[in-house]
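Okay, thanks for coming, everyone. I'll take you through one structure today, so please have the viewer open.

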Amino acid sequence: MAWTPDGTQIACAGGSGTVLFGHVTDRRYEWKNHEVILLDDKKVKVIDVLQGNSELLDFRDRIIKVSLGFGHLIVATSSQCYVYSEKNWNTPCIIDLSSNGRIVCIKQCLDYFCLVDNFTGIQVFSYEARLISQPKYPGLRPELITPPCISISNDHLAIKDRTDEKAIYLFEVQSGRQLPEMPIRFWNEIQEIALGQSGNGTGVRQIIILDKNRDLYLMPTVQFKRNGVLVIKKLGAMVETVAWNNDGSDVLVAMADGRFVIWPYPNAIFVDEDVVALTKFERDGSNISPFPGLLQECARKKQWEEAIRLCRYAKMKELWACLACMALNGQDLNTAEVAYASIDEIQKVQYICFIRDIPTAEARSAEMALMRKQPKEAENILLTANLVYRAIRMWINLFEWERALELAVKYKTHVDTGLDSVAIIKFTVKVDWESIQNKIKMEDENEKTKPITKSYQ
């Protein structure tokens with residue numbers, strides 16, 4: 001008994017000399033209101049379950065791969081690839097596959113799809129059948145690529161290296177060029193990768209990684225390193241299967257430890273880890289509420305009043321926690337205050353009120369970066385705005401006295417403030433507090449009178 005390399009046909013030989021041939025049929029694919037059924041090796045039936053219509057598509061050659069998603073049907077035969085739109089099932093765009101290659105995988109996103117064959121390698125096309133790019137890297141073996149090893153979005157293509165199970169390559173879709181610092185080295189063998197499709201409303205694309213221990217991780221595809229360390233967070237454990245919702249919102253769903261888990265806003269783990277546990281749903285069934293998708297749409301459009309009304313209507317604590325992280329990420333303090341108050345995070349409400357009273361927008365942005373536990377980002381914001389004293393005071397408040405003294409010496413200001421902070425801890429010496437307090441008061445007055453000063457509305 002033997003299968004063909006594409007896995008669509010099987011041949012068997014018996015002891016009597018009889019040879020049997022078979023092919024896989026009745027494969028089903030679903031997308032929104034469309035269902036596609038592979039009737040035999042040359043026929044496909046498309047059913048619109050809402051309208052009750054059906055179309056029968058006949059092909060000249062044997063069908064090898066089928067993919068349905070994002071309003072398009074891709075059918076690859078042994079000689080051609082047909083691209084159908086849900087708006088017209090009669091006139092497909094056709095791609096010639098005369099390179100003697102064998103299609104091993106098809107992946108789709110909103111505007112593009114990629115074909116992987118064992119001869120040409122990886123090719124990215126538009127749905128008008130126009131070749132966009134051909135990403136490559138040294139040691140690429142396209143014949144070993146399977147659907148869990150590759151993922152595509154409108155701007156990035158991700159590939160797990162089959163020769164090194166811990167490496168991921170990221171490419172620009174339009175140019176086919178590798179992103180800098182490739183490959184990404186993970187610390188464990190990777191089983192599956194998948195790119196989010198909407199970018200969380202901030203334009204930041206994210207990728208999920210499922211390792212051999214069935215642990216699920218989330219990381220951004222740009223600026224994925226900070227101080228040489230991967231910016232990656234663990235979302236869950238004992239994950240059996242995982243998928244993004246590709247219908248306009250980056251809702252993440254998974255089967256984990258026998259339960260159906262939904263992360264309405266996975267990016268919350270990079271915004272406020274303290275409330276991440278509140279942002280996920282756990283269900284015994286597979287029903288998904290439409291509210292998380294609607295909430296992401298409101299946040300993407302900066303419609304914060306509508307988002308608050310939606311959460312009040314839904315009366316779900318998980319949605320309030322998601323809205324708090326969305327508003328904090330979108331730097332809308334009024335919405336963040338309402339959302340945090342609704343989940344009884346009083347200390348965060350008080351801190352937001354403190355941030356709102358800060359006179360400069362840059363200083364407010366720095367404090368919000370601190371809420372996200374990103375002090376280096378906060379420092380960069382303050383130094384770019386020439387708020388050196390506030391940066392020094394930030395490190396003192398974080399008990400990082402050496403860093404405060406470094407900034408004071410570098411910018412030749414408030415050296416005594418930074419030095420006294422170090423001296424108090426290490427040497428117990430006398431401090432001229434009156435002089436320091438006068439300088440601090442003068443800095444506060446100067447900040448309030450700066451041209452960039454603007455109260456929060």
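Predicted model: local features only at pLDDT ≥ 70, side-chain atom pairs only at ≥ 80, totals over all residues.

**Surface, sheet and charged pairs**

Residues are numbered from 1 along each chain as its sequence is written, and side-chain values use heavy atoms, with hydrogens and water left out.

Of the 457 residues, 50% are buried. Buried here is under 20% relative accessible area, exposed is over 50%, and partly exposed is in between (1.4 Å probe, protein chains only). For secondary structure, we've got 12 helices and 29 strands; those are DSSP runs numbered from the N terminus, H or I with at least four residues for helices, E with at least two for strands. Now contacts, meaning heavy atoms within 4.5 Å: among those between residues at least 6 apart in sequence, 39% join residues at least 24 apart.

A pair, by the way, needs at least two bridges found by DSSP. Strand 1 and strand 2 (residues 9–13) run antiparallel and are joined by two bridges. If you click on Trp3, you'll find Ile10 of strand 2 standing opposite.

On to charges. How many salt bridges does the count come to? It's 20, taking a side-chain nitrogen of Lys or Arg within 4 Å of a carboxyl oxygen of Asp or Glu.

Take Asp164 and Arg185, which meet at 2.1 Å, N to O. Asp164 is in the loop between strand 17 (156–160) and strand 18 (167–172), while Arg185 is in strand 19 (residues 184–185), so the bridge ties together parts 21 residues apart in sequence. Asp164 is partly exposed at 24% relative accessibility, and Arg185 is partly exposed at 49%.

Next pair: Asp215 and Lys234, with their closest N and O atoms 3.6 Å apart. Asp215 comes from the loop between strand 21 (206–211) and strand 22 (216–220), and Lys234 from strand 25 (residues 233–236), 19 residues apart. Asp215 is buried at 12%, whereas Lys234 is partly exposed at 44%.

Then there's Asp274 with Lys348, at 3.1 Å between the closest N and O atoms. Asp274 lies in the loop between helix 1 (268–271) and strand 29 (281–283), and Lys348 in helix 6 (residues 346–356), so this one ties together parts 74 residues apart in sequence. Here Asp274 is partly exposed at 47% and Lys348 is buried at 9%. Shared partners join Asp272, Asp274, Lys348 and Lys373 into one salt-bridge network.

Last bit: cysteines. With a cut-off of sulfur atoms within 2.5 Å, the disulfide count is zero. Cys105 has its nearest cysteine sulfur 6.2 Å away, in Cys114, and Cys105 is buried at 2%. For Cys322, the closest cysteine sulfur is in Cys325 at 6.9 Å, too far for a bond; Cys322 is buried too, at 0%.
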